[in-house]
Amino acid sequence: MSETPHRTAAQRRAARVVTATVVASGLALAGGSAYAQARDSSTDKPAPVSAEASPEPVAEPVAEPVAEPVAAPVPADDAARQTYFAAGHTYDDAVVLGAQWNLDPFEAKAEAGRKLAAGQTLPLAPGSSPVAEPAPVADDGSAAAVDAFFAAGHDYDDALALAAVWNVDPFEAKVTAGQRILAGETLPVAP
């Protein structure tokens with residue numbers, strides 16, 4: 001058994017090429033010898049030995065070089081957003097620009113970055129926008145339930161265990177567990 005349990009794809013490919021070459025060479029030599037013997041046995045003369053009939057050493061194929069990993073290209077929008085932030089603009093600037101251009105802040109950053117890359121100036125100075133108010137989030141009680149789950153001493157691993165018991169995703173397990181804790185129930189997983 002090999003000392004190296006894991007081979008790379010290039011190493012496996014090279015090993016297959018070497019094996020196929022050796023097998024093909026052996027078959028060619030065996031077939032050529034059988035043909036020569038059959039031909040000479042029909043004339044009852046000994047087969048002449050020539051330099052041409054002797055097998056030539058088979059050069060082992062050189063494994064193709066393994067290509068270095070190539071960095072994935074950065075999508076154009078990501079590059080534009082990088083340009084936007086490199087110019088000193090902030091998320092809050094993107095909120096203001098998005099409101100002006102009727103875009104969400106994520107798309108506003110990309111559009112602003114494209115404009116900056118094209119040499120245009122934006123209608124506001126970098127970092128000059130007031131702090132954006134977070135969007136209101138409708139709370140269906142899940143935040144309080146999740147808070148109760150963690151306040152009772154449970155952690156993410158407990159959420160995973162409960163998710164497996166209840167056949168739900170971990171977030172739903174935290175919400176359900178928190179609701180049961182608030183209702184005074186005991187959970188099947190201790191903290």
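A helix here is a DSSP run of H or I that is at least four residues long, numbered from the N terminus. By that rule, Ala112 is found in helix 4. Keep in mind that this is a predicted model.

**Figure 1**
The protein has seven helices and zero strands, and reading along the sequence gives the pattern α-α-α-α-α-α-α. Of the 191 residues in the protein, 19% are buried. Now look at who touches whom: among contacts with a separation of 6 or more, 62% come from residues 24 or more positions apart.

**Figure 1. Helix 2 meets helix 4.**
Here's the first pair of helices. Helix 2 covers residues 76–86 and helix 4 covers residues 105–117; they pack at an angle of about 75 degrees, with their axes 7 Å apart. Angles of 65 to 115 degrees count as roughly perpendicular, so helix 2 and helix 4 are roughly perpendicular to each other. On the helix 2 side, the residues in the contact include Asp77, Ala80, Arg81 and Tyr84, while those on the helix 4 side include Phe106, Glu107, Ala112 and Leu116. Sorted by class, this contact of helix 2 with helix 4 has eight nonpolar, two polar and five charged residues.

Is Ala112 buried or exposed? Buried means under 20% relative accessible area, and Ala112 has 0%, so Ala112 is buried. Which residues does Ala112 touch, once its neighbours within four places in sequence are left aside? They are Tyr84, Leu97, Trp101 and Leu122.

**Figure 2. Helix 6 meets helix 7.**
Now for a second pair. Helix 6 (residues 156–166) and helix 7 (residues 170–182) pack at an angle of about 95 degrees, and their axes are 8 Å apart. That makes helix 6 and helix 7 roughly perpendicular to each other. By class, the contact of helix 6 with helix 7 has nine nonpolar, one polar and two charged residues.

**Figure 3. Helix 7 from end to end.**
How far apart are the end C-alpha atoms of helix 7? They are 18 Å apart, which agrees with the 18 Å that its 13 residues should span at 1.5 Å a residue. At the start of helix 7, a side-chain oxygen of Asp169 reaches to within 3.0 Å of the backbone nitrogen of Phe171. Just after helix 7, Gly184 takes a positive phi of about 85 degrees.

Ala173, Lys174, Val175, Thr176, Ala177 and Gly178 are buried in helix 7. What covers these buried residues includes helix 5 (142–151) and helix 6. Take Thr176, which lies in helix 7, as an example. Its relative accessible area is 18%, so Thr176 is buried. Thr176 and Ala159 are 17 residues apart in sequence and 9.9 Å apart in space, C-alpha to C-alpha.

Definitions and conventions
Residues numbered from 1 in each chain as written. Predicted model: local features only at pLDDT ≥ 70, side-chain atom pairs only at ≥ 80, totals over all residues. Heavy atoms only, no water. Axes fitted to C-alpha atoms, helices over the stretch in contact; angles between N-to-C directions. Helix = DSSP H or I, 4+ residues; strand = E, 2+ residues; numbered from the N terminus. Parallel < 35°, antiparallel > 145°, perpendicular 65-115°, else oblique. Nonpolar A, V, L, I, M, F, W, Y, C, P; charged D, E, K, R; others polar. Contact = heavy atoms within 4.5 Å. Expected span 1.5 Å × (residues − 1). Buried < 20%, exposed > 50% of the residue type's maximum accessible area, 1.4 Å probe, protein only. Polar contact = N/O pair within 3.5 Å; in protein donor to acceptor, adjacent residues only side chain to side chain.
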